[in-house]
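Please keep the sequence and the coordinates at hand while reading.

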Amino acid sequence: MASTPPTARGWAAPPAPPVWRAHVVGVVGARGGAGASSLAAALARAVSRTTATALVDLDGGCGGLDVLLGLEGADGVRWPDLTDARGDVDGHDLLALLPRWGACAVLSADRARPDPPEPAVVADVLHALSCTVGVLVLDLDRSRVVAGESVAAVCDTVLVVAPRDLRATAGALALRHVLDVPGADVGLVVRGPAPGGLGASEVAEAVGLPVRAVLPVDRRLAAGTEHGGIPTTGPFARAVRRLAAGLAR
């Protein structure tokens with residue numbers, strides 16, 4: 001998102017330090033049903049208007065981001081098709097094989113082939129994409145983040161999506177220690193409603209993370225995701241565009 005390439009932090013044992021590396025944004029839910037996948041998708045769509053962007057599904061238990069986006073029938077490769085993508089993967093060739101959601105390339109899990117990709121394949125594929133696009137948005141698997149088994153440590157920005165309730169606050173606290181990565185910008189995206197009146201500032205104080213955005217209640221979001229269409233207008237879309245603009249600074 002900056003006008004000059006960000007400093008390469010690299011994936012696990014890359015072939016050589018890349019000259020260019022994407023701004024990598026990880027999105028993770030403080031608890032199940034927090035709306036992390038919807039935010040990751042909407043954020044990727046927003047930034048794809050100004051730079052080449054790839055949205056990557058790393059939450060194997062969600063049944064595939066392509067379903068959320070209405071792309072389950074679209075041609076293109078999914079994670080199970082990349083079992084042999086090892087070593088020096090050509091990012092440009094890979095990008096050309098991925099389905100598109102508007103301007104955004106999408107690498108999704110496959111609901112019909114649910115076996116997760118090998119960690120080494122994930123590392124090589126993400127490294128290839130990070131050397132090809134301007135922004136890489138990762139829909140992270142919360143359980144793997146908690147266990148320290150995810151790629152959250154290589155993200156430049158990590159957004160923890162926290163509904164305004166005690167369970168989500170506790171869940172964000174459980175993530176806190178594994179997201180304390182030097183050089184990474186880690187923040188909260190707080191969502192309403194607040195059944196007990198818990199405010200965004202109270203969640204932030206309890207968790208010890210700054211609030212990067214507050215997403216308002218948008219009834220069209222739930223209806224839209226059921227029909228493969230995350231809203232492009234309305235309060236949710238406007239809040240996500242402001243969040244995306246903030247990543248550029």
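Predicted model: local features only at pLDDT ≥ 70, side-chain atom pairs only at ≥ 80, totals over all residues.

## The largest pocket

The volume of the largest pocket comes to about 500 Å³.

Sorted by class, the residues that line the largest pocket are 16 nonpolar, nine charged and three polar.

## The enclosed cavity

The structure also contains one cavity of 30 Å³ or more, and the space in the largest cavity amounts to about 60 Å³. Which residues line the largest cavity? Its lining is made up of Ala42, Arg45, Ala46 and Arg49, together with Thr232, Ala237, Val240 and Arg241.

Two helices, α1 (36–47) and α9 (235–247), each provide at least two residues of the lining of the largest cavity. By class, this lining divides into four nonpolar residues, three charged residues and one polar residue.

## The chain as a whole

The chain has 249 residues, of which 53% are buried, and its secondary structure comprises nine helices and eight strands. Taking the contacts between residues at least 6 apart in sequence, 76% join residues that are at least 24 apart.

The accessible surface of the chain is about 11,100 Å², and carbon and sulfur atoms account for 54% of this surface.

Strand β5 covers residues 135–139, and because five of its five residues are buried, the strand is largely enclosed by the rest of the structure. In a regular strand, the side chains alternate between the two faces of the sheet. Both faces of β5 are covered, with Val135, Val137 and Asp139 buried on one side and Leu136 and Leu138 buried on the other.

Two strands pair with β5 in the parallel sense. Strand β1 (residues 23–29) is joined to β5 by five bridges and runs parallel to it, with His23 having Val135 of β5 as its bridge partner. Strand β2 (residues 53–57) likewise pairs with β5 in the parallel sense over five bridges, and here Leu55 stands opposite Val137 in β5.

## Strand β7 and strand β6

A further strand, β7 (residues 185–191), has six of its seven residues buried, so β7 too is largely enclosed by the rest of the structure. Strand β6, at residues 157–163, pairs with β7 in the parallel sense over seven bridges, and within this pairing Thr157 stands opposite Asp185 of β7.

## Asp66

When residues up to four places away in sequence are left out, Asp66 touches Leu71, Glu72, Arg78, Ser108 and Ala109.

Definitions and conventions
Residues numbered from 1 in each chain as written. Heavy atoms only, no water. 1 Å grid on protein atoms, 1.4 Å probe; cavity = no way out; pocket = protein on both sides within 12 Å on 5 of 7 lines; lining within 4 Å. Points joined across faces, edges and corners; volume = space filled by probe spheres on them. Nonpolar A, V, L, I, M, F, W, Y, C, P; charged D, E, K, R; others polar. Helix = DSSP H or I, 4+ residues; strand = E, 2+ residues; numbered from the N terminus. Buried < 20%, exposed > 50% of the residue type's maximum accessible area, 1.4 Å probe, protein only. Contact = heavy atoms within 4.5 Å. Areas by Shrake-Rupley, 256 points an atom, 1.4 Å probe, with all protein chains shown as cover. Pairing = 2+ DSSP bridges.
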